[in-house]
Amino acid sequence: MKMAYRFACVLLTVALCAAPALSFSAGAPAGACGDMIPQHHTDPQKSAAPYQIVLSKKEIRGNEAVTITVQGNSAKDTIKGLLCQTRVGETPIGSFDVPPNNNYIQKVDCGNSKGSAVTHKKIETAPNAITFNWIAPKGLSEQARVYCTIALNGGVFWVKHTSDFLKVN
């Protein structure tokens, strides 16, 4: 009986320690593009996200860029994982501009749209803020919004946190 109990305790400990490792340390998979829910094998947080999505401008023209900063509200609110898209309604639009030597993020092709999202690279030391650029498509005349799923770690994350509206003329 004691042996079975010890085995169960060891198995439970291994399972709990492995759960965060099941997250995607090198970026969100393309399958997360639609609902933006990471496949971390745990439920997202229901509380308000301790992060802000800050836009450098409130209004831009088609084919113009806006700088987006995702930042924690305090020093302990670091970013270990990220998936961001700019959308009109539920439709991803535009493209992101990320230099290949960026230490934290990379572009993702969601559906048939090249560079329509950004996700994290493998982050060793989680930063408190990550900045990148988004370029509005030509001819767009809508209100757009940036949506980000932000992970503090593999087991603690918030889905579809939003920016203020961005007017594109």
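This report describes the fold, strand pairing, cores and selected residues of a predicted model.

## Basis of the model

The model is predicted, and local features need pLDDT of at least 70, side-chain atom pairs count only at pLDDT 80 or more, and totals for chains, interfaces and linings use all residues. Residues are numbered from 1 along each chain as its sequence is written, and side-chain values use heavy atoms, with hydrogens and water left out.

## Overall composition

The protein contains 1 helix and 12 strands. Helices (H or I, at least four residues) and strands (E, at least two) are DSSP runs, numbered from the N terminus. In sequence order the pattern is α-β-β-β-β-β-β-β-β-β-β-β-β.

Of the 169 residues in the protein, 37% are buried; buried means under 20% relative accessible area, exposed over 50%, and partly exposed in between (1.4 Å probe, protein chains only). The accessible surface is about 9,500 Å², and carbon and sulfur atoms hold 56% of that surface. Accessible areas come from the Shrake-Rupley method with a 1.4 Å probe, and for residues only the protein chains shown count as cover. Among contacts with a separation of 6 or more, 66% are between residues 24 or more positions apart, where contact means heavy atoms within 4.5 Å.

## The open sheet

Four strands form an open sheet in the order E1-E3-E9-E6, with antiparallel pairing. Two strands pair if DSSP finds at least two bridges between them. Strand E1 (51-55) and strand E6 (95-97) are the edge strands, each pairing on one side only. From one strand to the next, the twist averages 30 degrees; axes are lines fitted to C-alpha atoms, for helices over the stretch in contact, and angles run from 0 to 180 degrees between N-to-C directions.

Within this sheet, strand E3 (residues 65-72) pairs with strand E9 (residues 129-135) in the antiparallel sense over 7 bridges. Ala65 has Ile135 in E9 as its bridge partner. Asn63 lies in the loop between strand E2 (59-60) and E3. The phi of Asn63 is near 70 degrees, a positive value in a residue other than glycine.

Strand E10 (residues 142-153) pairs with strand E11 (residues 156-162) in the antiparallel sense over 5 bridges. Tyr147 is opposite Thr162 in E11.

Lys160 also belongs to strand E11. Its phi is near 55 degrees, again positive in a residue other than glycine. Lys160 counts as partly exposed because its relative accessibility is 26%.

His161 is in strand E11 too. The His161 side chain reaches the backbone oxygen of Tyr51 at 2.7 Å. Such a polar contact is a pair of N or O atoms within 3.5 Å; within protein, one must be able to donate a hydrogen and the other to accept it, and residues adjacent in sequence count only if both atoms are side-chain atoms. Not counting residues up to four places away in sequence, His161 touches Ala49, Tyr51, Gln52, Ile53, Val146, Tyr147, Cys148 and Ile150.

## Nonpolar cores

A nonpolar core is a set of buried Ala, Val, Leu, Ile, Met, Phe, Trp, Tyr and Cys residues joined through side-chain atoms within 4.5 Å. The largest has 28 residues, of which Ile68, Val70, Leu82, Phe132, Trp134, Cys148 and Val168 touch the most other members. At least two residues of this core come from each of E1, E3, strand E4 (81-88), E9, E10 and strand E12 (166-168). E10 gives the most, with 4 residues. Apart from this core lies another, of 9 residues, among them Ala28, Ala32, Leu83 and Val108.

Leaving aside neighbours within four places in sequence, Phe132 contacts Val66, Thr67, Ile68, Val70, Leu82, Cys84, Phe96, Val98, Ile105 and Val118.
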